[in-house]
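Student: I have the sequence and the model open. Can we go through them with some questions?

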Amino acid sequence: MSTLKNIPVVSHEKPSGGTGNLLANVFDELMAFCRSRSLFMLHYCTGCGAIELPPAMTSRFDMERLGIQPMVTPRQADILLVTGYVSTKTLKRIILTYEQMNSPKYVIGICSCTVNGGMYWQSYATAKKLNDYLPVDMYIAGCMPRPEAVIHGLRELMENIKKGESDNWRDYYRRYDHYLGNQQRLFGENWQTPTDIIGEARHYDLMGPETLGPHTALLEQHQTPLKPFEMTLGLADLPVRKDEPR
Amino acid sequence: MRPENYQSVNHPPSNEFELFFGPNHPGIEGNYALKVRVNGDEVTSARADGGYLHRGFEKLMEGRLWIQNIALVPRICVPDPVPMEVCYSLAIEELGGIEVPERAQWIRVMQLELSRIAAHLFTFGGHAATTGMYTPMFWGIADRDLILDLFEELSGGRVYHIFNIPGGVRRDLPPGYLDRVSKTLDYIESRLPDYDNLLFTNKVFVHRATGVGVLNQEQALEWAVTGPNLRATGLDFDVRRDDPYLVYDQIEFDVPVEQAGDAWARALVRRSELKESLRILRQVVAKLPSVGGPIRAPIPNPLAWNLPAGDVYTRVESSKGELAYYVVSNGGDKPYRVHVRGPSAMHAVQVLENLVTGARIEDVAQIMFSLDACPPEVDR
Amino acid sequence: MKLSPTSNLSASLEFLLQEISGLRSQWKSPRRLRVDLQAETLPALIELLKGRAGFVHLSAISCVDWPAQNEFELVYHLWSYEVKVLVMAHIRIPRDPGIYLSIYDLYRPAAFFERDIHEMFGLFFEGSPDMGKFILTEWDGPPPMRKEFDGEAWVMNQFDWQDYQPGWLKDIEAKGGGITTRPEDVRRDKPKPWDEQS
Amino acid sequence: MSDIDYKDRGSLLNPLKSFAFFGRPAVTEAIEPRPASDNYRGFHVNDWTKCVGCSTCQKVCDNAAITMVRIPGLIADPVKGIRDERPAIDYGRCCWCGLCVDICPTGSLALSREYVHTCVDAELDSYFVLPDSSGMHGQHFEKGWAKTADADLVDLDRQKMPEMEPEQRIGNFAEMLLGYDDQQALLEASRCVQCGMCHDACPTHMHAPEYIRAIWEGKLEEAVAWIYQTNPFAHICGRVCTRRCEDACSIGHRGEPIAIRWLKRYAMDAVPHERVKQIALAGKVDTPTGKRVAIIGGGPAGLTAAFDLAKKGHAVTVFEALAEPGGMTRWGIPEYRLPYDRIDRDIDVIRSAGVDIRCNVRIGQDITLDQLRAGHDAVLLALGLQQGRQTRIPHSEHEKVFRAVDLLNKITANEPFDVPHCAVVIGGGNVAMDIARSLARLQKQQYGQVNVVVTALEEQQHFMADPDEIKEALEEGIVIRDQCGPQGCEIDAAGKLVGLKTWKVLSIFDENKRFAPRYDEAGETIHACDTVIEAIGQSADTSLLGDTLTEALEWNRGRIKVDADGRTSEAWLWSAGDMVNGPDVVHAVADGHRVATSIDAVLMEQKK
């Protein structure tokens, strides 16, 4: 990652006015078109809506005809599909995963639960509004939505990408303080992720008025520098349980 | 921490690695995690890590009316929701002394078996995919969808049917429904040889699955393994037959048993159960037209419905094993306590940890799918 | 004496249970036997059932919180594959300090259930192999299944809800209408006028 | 067991058999969404013409997804039980379980077959929807999950009130309805969906949902406390209320309304009287205010006002002309409908609040109005309607032509009179039924057979009387001849009343909805009888006011004109009850409360 500086910074702002070269946007539009036609969807079953994804992905509803296919690693995925309720424990993993995904990236919230708590609005264990924690590009209503509805939502998303309208991922950088604040409220003040969003925002020129704020200040106060990552999960501390039949 | 602080990973100087296996992992069923330690390819120890799907069902149910919970319960096991509904309804009916009309009981059996077929088709697919064979998964899921179509027609919902209600079922069968059920059964039956060719007698799969995750009968009993996993170890037990509920005592069916207790044996038991479920469904389809009467016993206004104080333990055979509800009422309009005993709670934690330990890393996913562990049942 | 399915089941099972002092048993249905006993005698019962009556299957351990009596009720559901009967053994233990003995040495699945009860109710089992958190690793509140933990109030305090402002609602509000009853309102008990007076 | 032998280790070639599928059509569906099944549970549709805004859907919703929204411009009619509110659904909560559809009392709510809705973050408000019949996106989709008869979660049939058989009850004045037992009351109370339409429709806004809930919970004392919040005539209203509440009940749209009146009766009967007294007097002000109020008339309106004012610490004296307080409830309603001991209990509660009730005191004779005015800070006129109206048909001045109220008075006072062998009652209201049924009982007692005919202008299904009353009257052997316009009493040569002549009624009202009956003379009938009883309404006897006061007061169509609070144009005088509103117990109670509030406010203002 120390090679971050070598990545050329691409400006995504469209030139204002119609005075520029007609061909100036052609490349961007081509990029947007291509991007919309090959979306990789992260294979992460976060909630119960995931049960309608296998039908959507396989023969009957065949998502692949749209160029969408599951991808096992967040590093190569474009879409994070949040399929329904997210428990606090999952939400932490989702945020880690989201931050690891490469921009541009899109979040789809399907089912009721991602909007306003859904069935589990009384539950102490689930987060209620996904857009408090992550910028969401597309919502698909249903509990759970049928594969057709999922595909419809994906097509809408493709359309938006093609038109260059889906860029909420920038919002995460521009309003990082807001998202971080909600995350801190749920996970506690000590919450930190291994991805340096502020650094990335600076680097890619994505700073916005709300990138920095009281919550990021709190983060700087609490955060411990990332040490070189030791491959240990603390398993040694746990009793190794291998039940032998008697 | 700034980008310049990112540093490369230091590997420990040995073959020992500790890995997160999930929650975001293609080889895990649902949103679940295993922490495994591997030495080379061999897993030397494993700990299950659940709770990613925890919603606090048992707490939620204490805050909702008896009838409101019927919308909640199917969500406890997403791939196989009907047993959840039926088991909860049975508990309430036993508490409230409600006699379920015979027609409703037959309709429930029909749903239970359809759901079992759907769940098994789903599990095959997953199991095959963990061995690198995706065609059975595609077929299985596409065929499962035909069952979901039947459910959609019956209950108005593809996955969450919310069709069983304390006292019976919510609607009568649509006209001509049984014919369509028969047609789908014919189709699925005609597909079984294809599945056999593709998967169950495919030498690649057989070799890949034999001897993997072996459970002997002693271990299975020790760890409270139930359902197809138990029957794959040679114990002939099925809640439907041996602790009968609904009208299963009027239905003729066999309980398939295998002896080897490995992943293949478990797959074979499920494969044979598909056939038995088809056989049960044929009987239900033949019987249902002659069973008239109401589809639901009269129940009080759901908004003002107290159940007498008491407790009840009901269990049914879900596609994963023994599913049980322990329901306590203190005489109020809401449950005082509901304890859901999902079959996977056993399979996905202790059994999985023990079976994975000593296995090879590439078999971990297969072992989990062959146990058909359903994480939402564990987390609740 | 060894039970067999052919013998007069209920009589022989009851005869066997007489060995435990202070035990009350009641057949709830032909395959469900409810047993109430003192907490101290439970291990003896379990040993008896597993050793002499073939109850090898621990179906579940359920915990019920009874704050009014300041007690936890533990229910051990044991199934016998041989005689096909489910015994539900009920014991009560004081909520404070909330410690009981594990039956892990007799039934391995108890580890899961005991761990779960410890997480959800805060009841500690001595001798259980692992009382570490499993599901609620990210939860630092009180054990949520205890009755005194009001989940709904906690949620209301912790989370905000969507503040929908759709166009139709604005139109109606402009005409003088608007939201009259929110769903939260009907969930609360109505205040009683005489309570206010006193 | 399995048809695959475990020893069969399979073949490498087996999968190749799947090449048989090569070239077969794919199972893939078209990319556009398929139509959903016939009872699909998609987005909501709500038929606003059927919906009454009862909010039952909101109560059954397990996800707290339904918000009630008031929409100006819709019909709002508390009497019919219609609110201008409609449910709005939050699709960020909904789980499409369809419980709202199955419980909807009117059957207006349904789920459609529409299931696709997507939006971007900025359009999230579209998740909050006010469903009408046009569907989520204004496109037409067929109804999916809708109400069916066998899946209805609303209990449409009420618990049957146990009653005496006609043969048992006809010969005596014992109460004919026996009241619910505990189990019936519980079941009936459990039918309530707590919509509160009854509360809105009730003139005195009784807390019916609350006391029904309390009965269901087994908290009968709490139920009594709720009842006494708004109605001291609890026993009486539990038996003879005109029950506007049940007309408004949302269960009544498709089934039988909750028996709210019988539940009130049950609660009142189930709690011991001494306990009722304690509950009723909770909240009574201990310190007297020193203000004195005189109330003329010991009927529901007067006594309700007296009870309220006494609870607020005023010294209240009620002057009643007749021998016992209770007004029309005692003197007009027969004992088989309302036993006197129940009236006594209600009066006892009111007395125990410190109200001084002086009976047999007639204003104008025993004490003058001016004396009252001088001795009190406020005076309330609650005279009621004690004069029977007359038909003024030919020969109606005959001595054998009676007013129903007069006869009912006599029956209550146990005054002897000649029980007619054959009576014809003119009128189709409750009073007509009361006198007819009372006479029938007396006839049975004295002559062993019933011979009473009720004639009225209306068709039988449009009688003003309660349908139950009509049914019971018929059971008791009373003959009803509807559409008969009285034209005169027939007198024989000896001057003896021999019958009533009626013509067949063609229509009662003219095109301007004014009372102008048209008759068909060809349909003339002579109803033979020895007595004719007029039961066509009552009026107030305001002669006690005296000429000066009658002059000074403002009048409105023969009734004293009062403002919204019941105050007359004279500052010291209030008026309430039937004489202002027309005959109705519960209305009188409501009026009593209103006037009491007004009097209390004025008196407390004076005190400052």
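Student: How far apart do the C-alpha centres of domain 3 of chain D and domain 4 of chain D lie?

Tutor: This is a predicted model, in which local features need pLDDT of at least 70 and side-chain atom pairs count only at pLDDT 80 or more, while totals for chains, interfaces and linings use all residues. Residues are numbered from 1 along each chain as its sequence is written, and chains are lettered from A and ligands numbered from 1 in the order in which they are written. Domain bounds come from an automatic or database domain assignment, which gives 292-386 + 549-607 for domain 3 and 388-537 for domain 4 of chain D. Their C-alpha centres are apart by 31 Å.

Student: How many residues of domain 4 of chain D are in contact with domain 3 of chain D?

Tutor: Two residues are in contact if their C-beta atoms, placed from the backbone, lie within 7 Å. On the side of domain 3 of chain D, six residues take part. Their partners in domain 4 of chain D number nine.

Student: Are α12(D) and α21(D) parallel or oblique to each other?

Tutor: Helices (H or I, at least four residues) and strands (E, at least two) are DSSP runs, numbered from the N terminus. Axes are lines fitted to C-alpha atoms, for helices over the stretch in contact, and angles run from 0 to 180 degrees between N-to-C directions. Helix α12 (residues 300-311) and helix α21 (residues 585-607) of chain D pack at about 40 degrees, with axes 7 Å apart. Angles under 35 degrees count as roughly parallel, over 145 as roughly antiparallel, 65 to 115 as roughly perpendicular and the rest as oblique, so α12(D) and α21(D) are oblique.

Student: Which residue in β19(D) stands opposite D:Ile426?

Tutor: Strand β13 (residues 423-426) and strand β19 (residues 531-534) of chain D run parallel, joined by four bridges. Opposite D:Ile426 stands D:Glu534.

Student: Which residue in the turn between β17(D) and β18(D) has a positive phi?

Tutor: β17(D) and strand β18 (residues 515-528) of chain D run antiparallel, with eight bridges joining them. They form a hairpin with five residues between the strands. The positive phi, about 65 degrees, belongs to D:Lys513.

Note on methods:
Pairing = 2+ DSSP bridges.
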